[in-house]
Each structure stands twice: as C-alpha cells, then as structure tokens.
Amino acid sequence: MRVLSGIQPSGSLHLGNYLGMMKPMLSYMDRAELFVFIVNFHALTSVAEPDKLARGTLEAAADFLALGLDPNRCVFWVQSDVPEVTELAWILTCITPMGLLERCHSYKDKIAKGISPNHGLFAYPVLMAADILLYQSNLVPVGKDQKQHIEVTRDIALKFNYTYGDTFVIPEGEISDDIATIPGVDGQKMSKSYGNTIEIFLDEKELRKKVMSITTDSTPVDQPKNPETCNLFQIYRHFAPRSRVEEVHRLYIEGGAAYGTLKKELVGILWDYFKDSREKRAELLADETYIRKVLAMGAEKARNIGEKTLELVRQRVGTRY
Ligand code: AQP
C-alpha cells in the first residue's frame, strides 16, 4: 500500500501539523510504502517572500527528519524538484468542473478571513490531486480540513478514468476522529495563516508565552467545565501521559481543573516531548549538506515513479503525438 501526504513550508510547522499529519505519517514508516513531501508550490499561494519560502522548505525537511523520518525507509522530497506534477495539474485542470472547486470550504474560509484570493488558492485542490495521482497513492492521511480536497481528488480521478480509460488509482483519505482539527490558541483551527499556532520547535520562553495565551473561559476553578470544548484540554490530552489525562478529564467534569496550572504543566510536557527532536534539528540545520543530499535522493526516486504515470497520461490525453 502506498501512503502519501505533503506539508506546506508556508511558516513554521505547528502542533496541528504534527498531530494531524506528521505523527500519523511517521507511524506508517514500517507498515507501508511511504511518500512524504514538502509542498512548496502550494505554499506559493500564500507566501510571496522568496527567502521565507526557501528557508521554510529546508526547515520543514529538518523538522521531519528530526522527528524521526528515515529517508531510507520512505520517499522524501520537495514538490518543485519533480516539476512533472505541474504538467499533470494542467491536464487535470482541463477536466475539473468549476463548480467542484467553487464548493471548497478551505478556499471560502480563507477568503472570509480576509486573505486575498489568487488563482493558485482557487486551483489548490487540483495541484493536490496531481500530487496524489502522479504517485498512484492508495491512502492519504490528513487533518479534517483536507477531507474535502481528498474528495475532489477522487472526483477528478474518477472523471479522468471514465473519460480516458483506467489510469489512476482512486485514493482514500485517512482522518483520525481523535485528531480531526487541533485548535489554535484562539480556538479556531490551528493554522499558519491565522497566526494562532504553537510551533513544534520554539524556545522555552516563546513556548511558555504561546501556551499561556491559549483562550479559556472564565468558569471558576471549582466549577465543572466541558473538556471537549476547551482549547487547552484539546491540546493537553495529546501530549500528557494517559493516566494524567484521565485524571485531568475527571477534574474538568467534577470541578477542580485550574487553567493556569494546567497551562504551566503543558509547557513542561511539550518541552520534554520534543527535547530529543529539538537537539537533532539544531544539528541538522547547523550543516545543511545532509538535508540537501536526502532531498536530492528523494526527488530522484519520486521522479522515476511520477514520470511513468505522466507518460501514460500523455498517451491517454493525446499530448504525446
Ligand atoms: N489544526 C490542525 N489540526 C489537524 N491537522 C492539521 N493540519 C494542519 N492544521 C491542522 C494538517 O497538517 C497537514 C499539513 O498542512 P499544510 O501545512 O499543508 O496546510 P494546512 O492544512 O492549510 O495547514 P495550515 O497550517 O493551516 O497552513 P496554511 O495556513 O498555510 O494554509 C494537513 O494534512 C493538514 O490537514
């Protein structure tokens, strides 16, 4: 089974990215043929600063490697290093109904938040479909925000196969109910473009500042609270030891959960949780040679596979004459 997922280098990677995509992907390393990539073409829809994009790409690679991704047990590359994907994206664009893209929530949400729309943002799901289909992926682990984009990919693939004959594997999305959407410090979806993130690799002072700023309600300590709607608990429960999570859950229900104390505890928990990875990441970024070598090797492997699919597509649609 081929499992594929990508991440945008549009800013520092955060706990939502980690829980929604990076951690599930790492868990597939020994169970599947794993394809992990950094989607810098997608990030161009929101980043117009070349240095930020280039630096973000290297740092996202360092993040993944530091968190335990073994480049010898997966294909790990940068999207733009296999430009064939843009050719496929154009071909898919030509069979994608406008209505399919007009319905996409992610586009509509971003516009509603005041992000100025460009064509890339609108066509984002088609490039994502090209990514998934170029590598004939079976399974795509993502956060809930990407669910609709996977459905768009399936619709495009089915239409292509129907129009031109069987060409693409029809992929499935995988969204863990337990993770779904991790809230940011303000309670909206944690998102790089909403400025509400807790990054995975912050220094201790910044980490404390971010965690202490998580929005909570004003229910007194001794009163019962709802853990399911509490932003703090929705982050805390993924990192604290299970027995402690159960105990804190009970305090929420029965009364006695003190937000300030729990926030301080969460700072310590997060700091320790990412300690080894933080050290590894600093080493990797001190000399980028290794990261660049790994990405070049990954791009070559990805390209070999992608080229085969694209050649078949060219024959199917008639651009190979
Ligand atoms: N808050 C989240 N909860 C759960 N999963 C999340 N993901 C992102 N935010 C959350 C998942 O992380 C993967 C990579 O996301 P991405 O960086 O490619 O794009 P995104 O979903 O749009 O993430 P951001 O931070 O919100 O980026 P911007 O603001 O630049 O668009 C995806 O699988 C996503 O589901």
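Helices here are DSSP runs of H or I with at least four residues, strands are runs of E with at least two, and both are numbered from the N terminus. Residue numbers start from 1 along each chain as its sequence is written. The model is predicted: local features need pLDDT of at least 70, side-chain atom pairs count only at pLDDT 80 or more, and totals for chains, interfaces and linings use all residues.

**Stop 1: Asp 155**

Select Asp 155 in helix 8 (residues 147–164). A residue is buried if 20 or more other C-beta atoms lie within 10 Å of its own, exposed if 12 or fewer, and partly exposed in between, with C-beta atoms placed from the backbone. Asp 155 has 16 C-beta neighbours inside 10 Å, so it counts as partly exposed.

**Stop 2: helix 3**

Go to helix 3, residues 50–66. Its 17 residues reach 24 Å from first C-alpha to last, close to the expected 24 Å at 1.5 Å a residue. The expected span is 1.5 Å times one less than the number of residues. Colour the buried residues of helix 3, among them Gly 56, Thr 57, Glu 59, Phe 64 and Leu 65. Then step to Gly 68, which follows helix 3 and has a positive phi near 115°.

**Stop 3: helix 7 and its kink**

Select residues 119–134, helix 7. This helix has 16 residues and reaches 22 Å from its first C-alpha to its last, close to the 22 Å expected at 1.5 Å a residue. Where is helix 7 kinked? Centre on Pro 125: the kink there is about 40°. The bend at a residue is the angle between axes fitted to the seven residues ending there and the seven starting there. Pro 125 is one of the buried residues of helix 7, which also include Tyr 124, Asp 131 and Leu 134.

**Stop 4: two positive phi values**

Most residues other than glycine have a negative phi. Gln 136 is not a glycine, yet its phi is positive, about 50°. Find Gln 136 in the loop between helix 7 and strand 4 (139–141). Gln 136 has 19 other C-beta atoms within 10 Å and is therefore partly exposed.

Next, select Ala 180, in the loop between strand 5 (172–174) and helix 9 (204–212). Phi of Ala 180 is positive too, near 45°. With 15 other C-beta atoms within 10 Å, Ala 180 is partly exposed.

**Stop 5: helices 4 and 14**

Show helix 4 (residues 84–93) with helix 14 (residues 289–317). They pack at about 30°, with axes 10 Å apart. Axes are lines fitted to C-alpha atoms, for helices over the stretch in contact, and angles run from 0 to 180 degrees between N-to-C directions. Helix 4 and helix 14 are therefore roughly parallel. Angles under 35 degrees count as roughly parallel, over 145 as roughly antiparallel, 65 to 115 as roughly perpendicular and the rest as oblique. Contact residues (C-beta atoms, placed from the backbone, within 7 Å) include Leu 88 and Ile 91 of helix 4, and Leu 310 and Val 313 of helix 14.

**Stop 6: helices 10 and 12**

Finish with helix 10 (residues 231–239) and helix 12 (residues 259–273), which pack at about 40° with axes 10 Å apart. That angle makes helix 10 oblique to helix 12. Among the residues that meet are Leu 232, Ile 235 and Phe 239 in helix 10, and Leu 262, Leu 266 and Tyr 273 in helix 12.

Key: Two residues are in contact if their C-beta atoms, placed from the backbone, lie within 7 Å.
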